[in-house]
Amino acid sequence: MNAVETRELTRTFGTLDAVQGLTLEVPEGSIFALIGPNGAGKTTTIKLLMNLIQPTSGQAMVLNNESRHLGVKDWQRIGYVSENQELPEWMSPSELLAYYRPFYPTWDDALCGTLQEALGLTAAGPLRTLSRGTRMKAALLASLAFSPELVVLDEPFSGLDPLVRDELVRALLEMPGHRPWTVLVSSHDVDEVERLADWIGFINNGRLTLVEPIESLLNRFSLVEVITERETVAELPAVSNWVRHGAAGRTLRFVDTAHDQPESLQRIGAAFPAATIRSSRMSLRDVFLVLARQGAAERS
Amino acid sequence: MLPFTVSLHSGESILDQVVYAVTRAVVTGQLRDGDAFPSVRTLSQELKINPNTAHKIVAALIEDGLLMSRQGIGTVVTATAPPAGSAPLDADVERVVIDARRAGMTLQQVIALVRNLWTRTGRPAEPRSRG
């Protein structure tokens, strides 16, 4: 079962293709991270899913309903928090909770208490006087306390200090009823995402260039170093899965994007006989940089 | 708080890092036979990791014979079975050898150091002699 499914989802603004032919599935119970550079189309995608804007063409299904027809009944099952959330600024966090509570039949006071503790949210006073981090905590708490089936977060971590990030993540990892809720999160904070997500979608220039489980992604990408005895190997043979990284001294570096294939090492050995070959696993951050550079090269 | 020492870094699988940390804790006696092990939820929240990853970690440790699931109690440490051997040590050993050579140590000195650590990390034979 999928919590979200899109087919050829497209949105143009004038001549700008903000999102182009986006097809993805967010499996139920997963933490799906939509990552990509600024201006890639992450926020537009989320706004399309949340019916805040309408697609130019294509379709999105959210909890088995078409996104264009999302209504009150659906909103009672979806927790949505965005970076620039509009909040009733005159309310204190506890007034905000009291205000939201009657709108949600599944509101769970016990869960609300647990989450409040995980978030370390004790502040009083109107939201407009509180820090960005505290406002984010209040918004997240109000969106999780009714135990939604789907949680959608648009850049929840940006501009927040490590302690606040930690508390937000801790709240997200609460498991109501001992099963995780489905989370769709857009972010460019790849370090947070590397631990949290089990699915990664990479979006660049409005196009989804990759969707796969993070485990297979990180098994597939590998940084390869070729160290020769005498002269530098400056040239990398044109192999479809190899992306040049650089060369200096005796060392040539490239990224093998199919390093999980059994014949991968043989292929490298055959291309560079008599060289020492080392390969190492990459962080999601390094994979992000490779993908983003590829995207930038294609655009120019 | 987790009852074992771990500090996650990127560039290595989270599963491998945590399984290694728990193995080390069992070998050094930080975790002992019968000790309670954190739930999947606690593991996930404390390490800020995906619940599915936390689940896989517990499953891997059960398969390695380091943990056992007890009805009504949760997961406990079983130090009776020796941890599964042959972890890929090449990279770690290589680092030790390179550091030792740079420091101008002799092979004998390195071996003496290893022997010393080997003795210090091995616990007195009590639980292990049963397995």
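The buried residues of helix H5 of chain A pack against strand E6 (78-82), helix H3 (93-100), helix H4 (109-119), strand E7 (150-154) and helix H6 (162-172) of that chain. Contact here means that two C-beta atoms, placed from the backbone, lie within 7 Å. Helices (H or I, at least four residues) and strands (E, at least two) are DSSP runs, numbered from the N terminus.

This is a predicted model: local features need pLDDT of at least 70, side-chain atom pairs count only at pLDDT 80 or more, and totals for chains, interfaces and linings use all residues. Residues are numbered from 1 along each chain as its sequence is written, while chains are lettered from A and ligands numbered from 1 in the order in which they are written.

Stay with H5(A). It covers residues 132-144, 13 residues in total. From first C-alpha to last it reaches 18 Å, close to the 18 Å expected at 1.5 Å a residue; the expected span is 1.5 Å times one less than the number of residues. Ten of the 13 residues are buried, so the helix is largely enclosed by the rest of the structure. A residue is buried if 20 or more other C-beta atoms lie within 10 Å of its own, exposed if 12 or fewer, and partly exposed in between; these C-beta atoms are placed from the backbone. The buried set includes A:Gly133, A:Met136, A:Lys137 and the run from A:Ala138 to A:Leu144.

Strand E1 (residues 2-13) pairs with strand E2 (residues 16-27) in the antiparallel sense over eight bridges. Two strands pair if DSSP finds at least two bridges between them. A:Leu9 stands opposite A:Leu22 in E2(A). The two strands form a hairpin with two residues between them. In the turn, A:Gly14 has a positive phi of about 60°. E1(A) also pairs with strand E4 (residues 57-62) of chain A, antiparallel, over five bridges. There A:Met61 is the bridge partner of A:Glu5.

Further along chain A, four strands form an open antiparallel sheet in the order E12-E13-E11-E14. Strands E12 (242-248) and E14 (276-281) stand at the edges with a single partner strand each, so one side of each is left without a neighbour in the sheet. Within the sheet, six bridges join strand E11 (residues 222-227) to E14(A). A:Leu223 stands opposite A:Ser280 in E14(A).

Chain B has six helices and three strands. Along the sequence they follow the pattern α-β-α-α-β-β-α-α-α. Of its 131 residues, 21% count as buried.
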